[in-house]
Amino acid sequence: MKILTLVERRADYSRMRPILKELYKDPFFDVHLVVTGICLLDIHGSDIDYIKEDGFKINAQLEMFEPNTRNTNASMVKALSKIMSSMTDELEKVKPDLVLTGFDIGANLATTIAAAHMNIPVAHIQGGEVTGSIDESIRHAMSKFAHIHFPATEDARQRLIRLGENSDYVFNVGCPSIDTIMQTPIIDKSILEKKFNVDFSKPTILLIQHPVTTESSESKRQILNTIEVIKDLGVQALVALPNNDAGSSDIIDEIKNSGLSWYPSLSTEEFINVYRNIWAIVGNSSSGIHESSTFGIPAVNIGTRQQDRERADNVIDVSYDKADIKAGIEKALFDADTREKAKHTHNPYGEGESAKAIVKILKTVSLEGIVQKRFYE
């Protein structure tokens, strides 16, 4: 089976990585890997280098974003248009038997739409989740264009079925980023402390705060509130730059001017091992929802970006108000009951066997007649 798949940003690479490992080692599959999006941008850490270091063969690099430009709602649309055109050319050239896409981001949406129009079966990872804003619209739109579905929870599976997808092609496999956590070797804490100039025996947070596309004009105020609270509390903070959705330029500017320790990106090994040693994750990254309970730490979820998404009991939801953010971080770092509960929280997104489940299904599912979709009640 010839499969075309893609990586657009660090968040989807953490999920695709264990799947790629399984696909590449199985001679049944012929993988055509496309790298695009912010993985090609220096300002976001050029994550393509980490993909190469992991030993994956990259078959094509397709530019999506204009470098050194402010990120706006309009620039997102232009990038979507650009990658849809170039990905269509790639699909014509490769002629895959199946396209594997995922999540809720632009290049994956463009690829899903293009493949469906070209009568190529599409398998979509992590549909059915709810969050609000443009991310949810993208996610559900991809589900309607896709033919095989790999949701991460039973709640998401049932939602896809209620959306009209054929239950015979909707498989609850868990979140593959949990596989990545389980597979990543441990780096000695002292090595990390030296590299990142922190002392993990003292309260330390990881901040990842992305823009909310429907609130892009508020991005500057939102990140400033978070930064001011962290500085007022005087706790150690490592900051990962956001994705490049509309409003991200303002966030990046304020982070760079904050005096906090910030990083364009981290390798998978560094990211996972930092995660293993921090006291809490703060911001609005899906990582706080999907992964933090596996590490047994609290997650302070700020604002609306992850609203209504299924989450474990370790997540502390707060508004953009500074007093609310402060109370949430203090609870995550210093409340003994909260920290103890986080250590024993069950992660609804799985136990780390998602990639094998996905690959097994791809080897056995019938593609005959699958592109002629019907919608079920």
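I began with burial: 60% of the 377 residues of the protein chain count as buried (under 20% relative accessible area, with a 1.4 Å probe and protein chains only). I note that this is a predicted model, in which local features need pLDDT of at least 70, side-chain atom pairs count only at pLDDT 80 or more, and totals for chains, interfaces and linings use all residues. Residues are numbered from 1 along each chain as its sequence is written, and side-chain values use heavy atoms, with hydrogens and water left out.

I next looked up the overall form. For 377 residues, a compact globule would have a radius of gyration near 21 Å, and the 20 Å of the protein chain agrees with this; the radius is taken over C-alpha atoms, and the rule is 2.2 Å times the number of residues to the power 0.38. Along the principal axes, the C-alpha atoms fill a box of roughly 60 × 45 × 40 Å.

I then turned to contacts (heavy atoms within 4.5 Å). Of those in the protein chain between residues at least 6 apart in sequence, 69% join residues at least 24 apart.

Last, I searched the whole structure for disulfides (pairs of cysteine sulfur atoms within 2.5 Å) and found zero. I recorded C39 as buried because its relative accessibility is 0%, and C175 counts as buried at 0%.

Key: Buried means under 20% relative accessible area, exposed over 50%, partly exposed in between (1.4 Å probe, protein chains only).
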